Amino acid sequence: MAGKKFDYAPAPESRAVVDLQPAYGLFIGGEFVDPVDGRAFKTVSPATEEVLAEISEAGTRDVDRAVAAARRAYERVWSKLPARERGKYLFRIARILQERARELAVLESLDNGKPIRESRDVDIPLVAAWFFHYAGWADKLEYAGVSTASSGPPKPLGVAGQIIPWNFPLLMLAWKIAPALACGNTVVLKPAETTSLTALLFAEICQQADLPPGVVNIVTGAGETGRALVEHPGVDKIAFTGSTEVGKMIARSTAGTGKKVTLELGGKAANIVFDDAPVDQAVEGIVNGIFFNQGHVCCAGSRLLVQESAYDEVLTSLKRRLGTLRLGDPLDKNTDIGAINSPEQLGRIRELSDVGESEGAARWSPPCELPDKGFWFPPTIFTGVSQAHRIAREEIFGPVLSVLTFRTPAEAVEKANNTPYGLSAGVWTDKGSRILWMAGQLRAGVVWANTFNRFDPASPFGGYKESGFGREGGRHGLEAYLDV
Ligand code: NAD
């Protein structure tokens, strides 16, 4: 998309740092093992469709083995270890993650399709930060404010079954595993079927850190493997991040079982720009809000609400800025927009975008050449969107922005809250009082002010309504893994 005159020379990150194996087993009881029934599937690079490796598919008997290994490790080792010792393992893992950051970033970009700039500067640093943060909590759980003097020190739950999506593979793993281990639980984690590779490298890191066998188990596979984990009677806690549809199924199947459940689901966040906002900063925030990670972000600012009096200025600036985004090779350090993770997701983005057009919204993309191979979608803006349009109501989970307008703060709040979701929101204005008022009115777990998509391990994250329940991150994130 860059102009013809001054183009960027390619600056690809080397793949040599990654040691890809042709096939991977399941990580159970501290070692890589073959699945009982020997089934496997291929994982491809979404940017080139090249087969990267064969991944084992765990069946119910494999899930059974993994849960048994986690139970043994919980009862014999992990729950008996002094909290400080648990913390030391987490610190060790965090340091190894930092040491191997480059390798992890390249592997994440290869397998997921996200730009190396993001995996290198956002995902992997946050992964290490999450482990450092929870390493610090391991021996301070009594001071987390989740227990009382009479209830005694908080206790772990036991074995946690954790299921994560493909959009931030290693970061979602960190959000799940770090607090679970810090609180004294052992885990069986299932990565998403299209992005298992960094979870399997993490398994190697557990070995390198001498983590006692069975404390972390990784079972790869698709929805059926996830279902076997959710339904396993030996699991005490289910933590799920993914679609609202699967979240609802999990809520139904765990009801009445006594399993503790947290769900982090979809979103359709409003990014609200008032006419007194600094336009250039707001435009950067809009771009970061919806085009970061190709829009595969549950808290993406996928609905832009612009005050009518600022509409022309904001839209002109936004379109100019989109013209400078570079789409292409995820391993190129200049790339802003990478590949769509899978043909299924690309199909869904295309379908909903077509619906947007047929419902009467105006579609716009900057001039943009898409590579011949791989799964790609250009950054796209829809204007003339009304609240009734499907592209204003449904999660597209791609680089597609729906633009709506408002006149008064009250109208902005009403439109922002007019969604079944409630994960995040953004407010852009010069007035502190308005930020505080808006934050109080918006039904969203996170409200960003004059910024968007900021994450910190000390800050809780989670949703309202169909975006799920429970909080991850910070002190609040400990509650999900403690018997309180
Ligand atoms: P998905 O629900 O299809 O898959 C998520 C995970 O669940 C995958 O590992 C999948 O294999 C597994 N799974 C599928 N069917 C299952 C079943 N019946 N039982 C148990 N596990 C099952 O979602 P996706 O398409 O991979 O991810 C995109 C969705 O995730 C989006 O809706 C997005 O908003 C949401 N998401 C939410 C957050 C958050 O923190 N709230 C973060 C990232 C993604």
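**A first tour**

Guide: Let's start at Pro-460. Its relative accessibility is 29%, so Pro-460 counts as partly exposed. Keep in mind that this is a predicted model.

Visitor: Where is Pro-460 found?

Guide: Pro-460 sits in the loop between strand 18 (446-449) and strand 19 (468-469). In space, Pro-460 is 6.1 Å from His-476, C-alpha to C-alpha. In sequence, Pro-460 and His-476 are 16 residues apart.

Visitor: Now the ligand. Which residues come nearest?

Guide: There are 27 residues around the ligand. Ile-164, Glu-193, Ser-243, Leu-265 and Glu-395 come nearest.

Visitor: What lies 2.6 Å from an oxygen atom of the ligand?

Guide: A polar side-chain atom of Ser-243 does. Glu-395 also has a polar side-chain atom 2.6 Å from an oxygen atom of the ligand.

Visitor: And what about a nitrogen atom of the ligand?

Guide: One is 3.5 Å from a polar backbone atom of Glu-264.

Visitor: How much of the ligand does the protein bury?

Guide: The protein buries 88% of the area. Taken alone, the ligand exposes 850 Å².

Visitor: Which elements give two or more residues to the shell?

Guide: Helix 7 (223-231), strand 10 (237-241) and helix 8 (244-254). Helix 7 gives the most, with three residues.

Visitor: What's the shell like by class?

Guide: It has 15 nonpolar, seven polar and five charged residues.

Visitor: Change of topic. How many aromatic pairs are there?

Guide: The structure holds 13. One of them is Phe-91 with Phe-132.

Visitor: Is that pair stacked or tilted?

Guide: Tilted, because the planes of Phe-91 and Phe-132 are at 50°. Their ring centres are 6.2 Å apart.

Visitor: Where do the two sit in the chain?

Guide: Phe-91 is in helix 2 (residues 83-99) and Phe-132 is in helix 4 (residues 116-137).

Visitor: What's the relative accessibility of each?

Guide: Phe-91 is at 32%, so it counts as partly exposed. Phe-132 is at 27% and also counts as partly exposed.

Visitor: What about Trp-130 and Trp-175? Stacked or tilted?

Guide: Stacked, because their planes are at 20°. The ring centres of Trp-130 and Trp-175 are 4.9 Å apart.

Visitor: Which helices do they lie in?

Guide: Trp-130 lies in helix 4 and Trp-175 in helix 5 (residues 169-182). So the pair ties together parts that are 45 residues apart in sequence.

Visitor: Buried or exposed?

Guide: Trp-130 is buried, with a relative accessible area of 2%. Trp-175 is buried too, at 4%.

Visitor: Which residues form one aromatic cluster with them?

Guide: Trp-448, Phe-452, Phe-455 and Phe-461.

Visitor: Which charged ends sit over a ring?

Guide: Lys-237 has its charged end over the ring of Tyr-481, 4.8 Å from the centre. The charged end of Arg-326 sits over the ring of Tyr-8, 3.7 Å from the centre.

Visitor: Last stop, Thr-419. Where is it found?

Guide: In the loop between helix 13 (409-417) and strand 17 (424-428). Thr-419 has a relative accessible area of 12%, so it is buried.

Visitor: What lies 3.0 Å from its side chain?

Guide: The backbone nitrogen of Tyr-421 lies 3.0 Å from a polar atom of the Thr-419 side chain.

Key. Residues numbered from 1 in each chain as written. Predicted model: local features only at pLDDT ≥ 70, side-chain atom pairs only at ≥ 80, totals over all residues. Heavy atoms only, no water. Near = heavy atom within 4 Å. Polar contact = N/O pair within 3.5 Å; in protein donor to acceptor, adjacent residues only side chain to side chain. Areas by Shrake-Rupley, 256 points an atom, 1.4 Å probe, with all protein chains shown as cover. Helix = DSSP H or I, 4+ residues; strand = E, 2+ residues; numbered from the N terminus. Nonpolar A, V, L, I, M, F, W, Y, C, P; charged D, E, K, R; others polar. Phe/Tyr/Trp six-rings, centres within 6.5 Å; stacked < 30°, edge-to-face > 60°. Buried < 20%, exposed > 50% of the residue type's maximum accessible area, 1.4 Å probe, protein only. Lys NZ or Arg CZ within 6 Å of the ring centre and 35° of its normal.
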